[in-house]
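Keep the viewer open as you read.

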Amino acid sequence: MIKQFKTRILVLATVLSCTVAGVAAAADVKPRLIRFGYGLNEESVQGRAARHLAQELEKVSGGKLKMRTFGSANLGSDEQMQSALVGGAQEMMVGSTAPLAGMVKEFGVFDLPFLFNSEKEADAVLDGPLGQDLLKKLEAKGLVGLVYWENGFRNMTNSKRPITRAEDLQGIKLRVMQNQIALGVFNTLGANAVPMPFSELFTALETRTVDGQENPITTIQSSKFYEVQPYLTITRHVYTPWVVLASKKWWDTLSPDEQKLIRQAAASSRDFERQDSRADSTKAMGTLEKNGMKINTVTPEEVARMRQKVQPVVDKYTQELGPELVKQLNDEIQKARN
Ligand code: TK8
């Protein structure tokens, strides 16, 4: 009888402690305000995922961890926010991998063109050993890399002409993301590549400071590039991830419980964002058509030609990034492909 009673108490205690841990009530969690910055506007996939992250964090922390989100680069461009995080002036952000290559050069692998064939391959590499190792490298530079969101396969837009072959890029001033690989790739394809932060891009297109740019369909739609760019060419030349980052300086002041809850909410935002991005991509394409964009797709033969054309750039940067790293990347892609 007594023994049975004891067992019951034990079971009850276990159930209780599990529940409490889940709600973080007994955990070491202090009320905090977290500033989270991103570059696209509030109606973008980034905006929706940022709000999801804020809600999730509030939920798992029982309302203690509050996140305030700032879209449209209101806290600065990706590079400016990266610096603010390193210095501890801002807690969190999401941004592209391309400008991160300035801190951890290996992030440049994602600017090598024509690597991934599908989102599934990208997910496998990013959530697998290579992607996770790259995130760990950020810590020495003052950043904590939490999860990858999908920015996506990039396509070209411009105000001059449809791009049916690489030669059509001749004389087109094309804004590219800010690293050497992107610059090398687009100059080699024949464009005049101009590196520029995303936050300055719409105005640059509107004033014809540049003729074109390249980004995923979802961004072309949410940033309303169709208002200033009549031509869209589907090239899917590169897949860019976004990385959710925290300031290491700030992160180190958090309790292990707080860090765990933030990681948990970040993982939920990753799953939400990828699903949303993929669903939105199809919808966005319709919106671009309705808004009068002239859309063409480069043929597989032309993609093969472009690939050949940029091979010297790929070879050069494979040496600089590390041939073992690029081999690992290709191996992981092959594994996901089969
Ligand atoms: C937004 C950028 C954007 C990226 C770019 O801050 O720079 O073109 O694709 O998503 O990170």
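Is A73 buried or exposed? With a relative accessible area of 15%, A73 is buried, where buried means under 20% relative accessible area, exposed means over 50%, and partly exposed is what lies in between (1.4 Å probe, protein chains only). Before going further, some ground rules: this is a predicted model, in which local features need pLDDT of at least 70 and side-chain atom pairs count only at pLDDT 80 or more, while totals for chains, interfaces and linings use all residues. Residues are numbered from 1 along each chain as its sequence is written, and side-chain values use heavy atoms, with hydrogens and water left out.

Back to A73, which sits in the loop between strand 2 (65-70) and helix 3. Helices (H or I, at least four residues) and strands (E, at least two) are DSSP runs, numbered from the N terminus. Most residues other than glycine have a negative phi. K224 also has a positive phi of about 55° without being a glycine. You'll find K224 in the loop between helix 8 (217-222) and strand 9 (231-234), and it is partly exposed, with a relative accessible area of 39%.

Now for the interior. A nonpolar core here is a set of buried Ala, Val, Leu, Ile, Met, Phe, Trp, Tyr and Cys residues joined through side-chain atoms within 4.5 Å. The largest such core has 53 residues, and F107, F116 and L189 touch the most other members. Helix 11 (residues 300-321) gives the most to this core, with seven residues. Apart from it lies another core, of 30 residues, including L65, W250, I262 and A266.

Take F116 as a way in. Contact means heavy atoms within 4.5 Å, and, leaving aside neighbours within four places in sequence, F116 is in contact with F110, E121, A122, V125, F153, Y239, L329, I333 and R337.

L189 leads you to helix 6 (residues 180-189), which is mostly covered, with seven of its ten residues buried. Those seven are I181, A182, L183, G184, V185, F186 and L189. What do the buried residues of helix 6 pack against? Their partners are strand 5 (155-158), strand 6 (173-176), strand 7 (192-195), strand 8 (212-215) and helix 11.

Next, look at how helix 4 is set against its neighbours. Two packed helices are described by the angle between their axes and the distance between the axes. The axes are lines fitted to C-alpha atoms, for helices over the stretch in contact, and angles run from 0 to 180 degrees between N-to-C directions. Helix 4 (residues 119-127) and helix 10 (residues 256-290) have axes that come within 13 Å and cross at roughly 160°. The two are therefore roughly antiparallel, given that angles under 35 degrees count as roughly parallel, over 145 as roughly antiparallel, 65 to 115 as roughly perpendicular and the rest as oblique. On the helix 4 side the contact is made by E119, D123, L126 and D127, and on the helix 10 side by R270, R274 and R278. By type, these residues divide into one nonpolar, no polar and six charged; Ala, Val, Leu, Ile, Met, Phe, Trp, Tyr, Cys and Pro count as nonpolar, Asp, Glu, Lys and Arg as charged, and the others, Gly among them, as polar.

Turn to helix 12 (residues 323-337), whose axis comes within 9 Å of that of helix 4, crossing at roughly 125°. Helix 4 and helix 12 are therefore oblique to each other. Here K120, E121, A124 and V125 of helix 4 meet L329, E332, I333, A336 and R337 of helix 12. This contact divides into five nonpolar, no polar and four charged residues.

R263 is in helix 10 and, at 40% relative accessibility, counts as partly exposed. Not counting residues up to four places away in sequence, R263 touches V144, G145, L146 and W251. Q82 is in helix 3 (residues 78-87) and counts as buried, at 5% relative accessibility. Beyond four places in sequence, Q82 is in contact with M93, P99, L100, M103 and L143. Finally, R208 lies in the loop between helix 7 (201-206) and strand 8, where, leaving aside neighbours within four places in sequence, R208 is in contact with S159 and K173.
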